Every structure is written in C-alpha cells, then in structure tokens.
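Please look through the sequence and the structure below. The report after them takes up helices, salt bridges, aromatic rings and the core in turn.

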Amino acid sequence: MNTTEQLAKHIKDVHFGGNWTASNLKEQLENVNLQQATTKIGDLNTIAVLVFHINYYANAITGVLKGKPLEAKDKYSFDLPPLHTEEEWQALVAKVLQQGLELSELVAKLPDSILAADFTDAKYGNYHRNFLGFIEHTHYHLGQISLLKKLAQTKTSS
C-alpha cells in the first residue's frame, strides 16, 4: 500500500471505523437526534456545529482535488445554518459521511509524488501535511463529539 492509499484509509477509518482509537463519526452519530445534536453545553460548540466544521474542511480539500480553487475561510468553518428538523440533521450526518468517503477515494487515487507539492499555495504547506492535518483535526473533534454526546444525552434525559 503506497502512502496516499494509507492516508486515504485513515480518512475513511475516522469516518467509518477500523482505526486505533476504535471510534468513528458514523458510530458516534448513529443515535444522536436533533435535540442532542443542537444541545448547547456551556460555551462549547454543539455536536451539529462540529459535524459541520469537519465537513467544511473535507469539502474544501475535496474541491481542490477536483481542480477547484481553495475557497475555504477559517472564519466561516463554524457557520452552521440553523437546523429545524430531524431530517435536516440527518442530512448533515449523511453529508459528512459521504464527503469523507469521497475524499478518501480521491486521495487513494493520487500518486505519492504529489504529497511533497504545495497544497494550492506554499503558505498552506504540502498535500501530505494537509491530509495528515485533516485526519488529526477530525480525530480531535471526534473526541469532543463523543464527550458532548454523553453530556447531551444526560442533559436531555433529565
């Protein structure tokens, strides 16, 4: 397995399972309803906002891999539009999972030679750094989602 295939596997695993942490977005989000996803706990982000945030960056990287310019801005990465229905929440969950799968498939097709190349601009580092960063970033927020899920379930059941 070459390096891009390994990176693609890590992207897929954090979304669907098979990683060392034994945690993934699909399983963590399976039994989360809209009320739990949007429950505000202190000044922390909600589960829904974190799912949007993860997908925001997956979408940005996917766009670049499809030949589009990098248009993502950090300041917009938490700007989740209001969710009013369970269907809207479930659509967001489906979107983050689909985006993760698509990104994984695109990365797997890349030659290893691209990994040292600048990711659209030298100021963003190379492709390898961006793929690893996305994986680490997703794991970081996955941990937050796991904890928020427990707190939201306790809060909404009382």
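## Helix α1

Helices here are DSSP runs of H or I with at least four residues, strands are runs of E with at least two, and both are numbered from the N terminus. The expected span of a helix is 1.5 Å times one less than its number of residues. This is a predicted model: local features need pLDDT of at least 70, side-chain atom pairs count only at pLDDT 80 or more, and totals for chains, interfaces and linings use all residues. Residues are numbered from 1 along each chain as its sequence is written, and side-chain values use heavy atoms, with hydrogens and water left out.

Helix α1 covers residues 3-16, which makes 14 residues. From its first C-alpha to its last it reaches 20 Å, close to the 20 Å expected. Some of α1 is buried (under 20% relative accessible area; exposed is over 50%, partly exposed in between; 1.4 Å probe, protein chains only). The buried residues of α1 are Thr 4, Leu 7, Ala 8, Ile 11, Asp 13, Val 14 and His 15.

## After the helix: Gly 17

What follows α1? Gly 17 does, and its phi is positive, near 110 degrees. Gly 17 sits in the loop between α1 and α2. Gly 17 is partly exposed, with a relative accessible area of 22%.

Contact means heavy atoms within 4.5 Å. Apart from neighbours within four places in sequence, Gly 17 is in contact with Lys 12 and Asn 24.

## Salt bridges

A salt bridge is a side-chain nitrogen of Lys or Arg within 4 Å of a carboxyl oxygen of Asp or Glu. How many does the structure hold? It holds three. One of them joins Lys 9 and Asp 13, at 2.6 Å from N to O. These two are four residues apart in helix α1, so about one helical turn separates them. An α-helix has 3.6 residues a turn, so residues three or four places apart point the same way. Lys 9 is partly exposed, at 38% relative accessible area. Asp 13 is buried, at 8%.

Lys 26 and Glu 30 form another salt bridge, with the closest N and O atoms 3.4 Å apart. Lys 26 is partly exposed at 36%. Glu 30 is partly exposed at 47%. Glu 102 also forms a salt bridge, with Lys 66, and here the closest N and O atoms are 2.4 Å apart. This pair links distant parts of the chain: Glu 102 is in helix α5 (residues 86-108), while Lys 66 is in the loop between α4 (47-65) and α5, 36 residues apart. Lys 66 is partly exposed, at 46%.

## Aromatic rings

Rings of Phe, Tyr and Trp (its six-membered ring) pair if their centres lie within 6.5 Å; planes under 30 degrees apart count as stacked, over 60 as edge-to-face and the rest as tilted. The structure holds four aromatic pairs. Among them, Tyr 56 and Tyr 57 are edge-to-face, 5.5 Å centre to centre, with 85 degrees between the planes. Both Tyr 56 and Tyr 57 are buried. With Phe 52, they form one aromatic cluster.

Tyr 127 and Phe 131 form an edge-to-face pair, 5.9 Å centre to centre, with 65 degrees between the planes. Both lie in helix α6 (residues 127-157), four residues apart, about one turn of the helix. Both Tyr 127 and Phe 131 are buried.

## The nonpolar core

A nonpolar core is a set of buried Ala, Val, Leu, Ile, Met, Phe, Trp, Tyr and Cys residues joined through side-chain atoms within 4.5 Å. How many residues does the largest one have? It has 42, and those with the most contacts inside it are Leu 29, Leu 65, Trp 89 and Phe 131. The elements giving two or more residues to this core are α1, α2 (25-29), α3 (34-37), α4, α5 and α6. The largest share, 12 residues, comes from α4.

Leaving out residues up to four places away in sequence, Trp 89 touches several residues, including Leu 29, Asn 33, Ile 47 and Leu 83.

## Two more residues

Is Thr 62 buried or exposed? Thr 62 counts as buried, at 2% relative accessibility. It lies in helix α4. Beyond four places in sequence, Thr 62 touches Gln 99, Glu 102, Leu 103 and Leu 106.

Gln 35 is in helix α3. Gln 35 is exposed, with a relative accessible area of 51%. The C-alpha atoms of Gln 35 and Glu 86 are separated by 8.4 Å, and the two are 51 residues apart along the chain.
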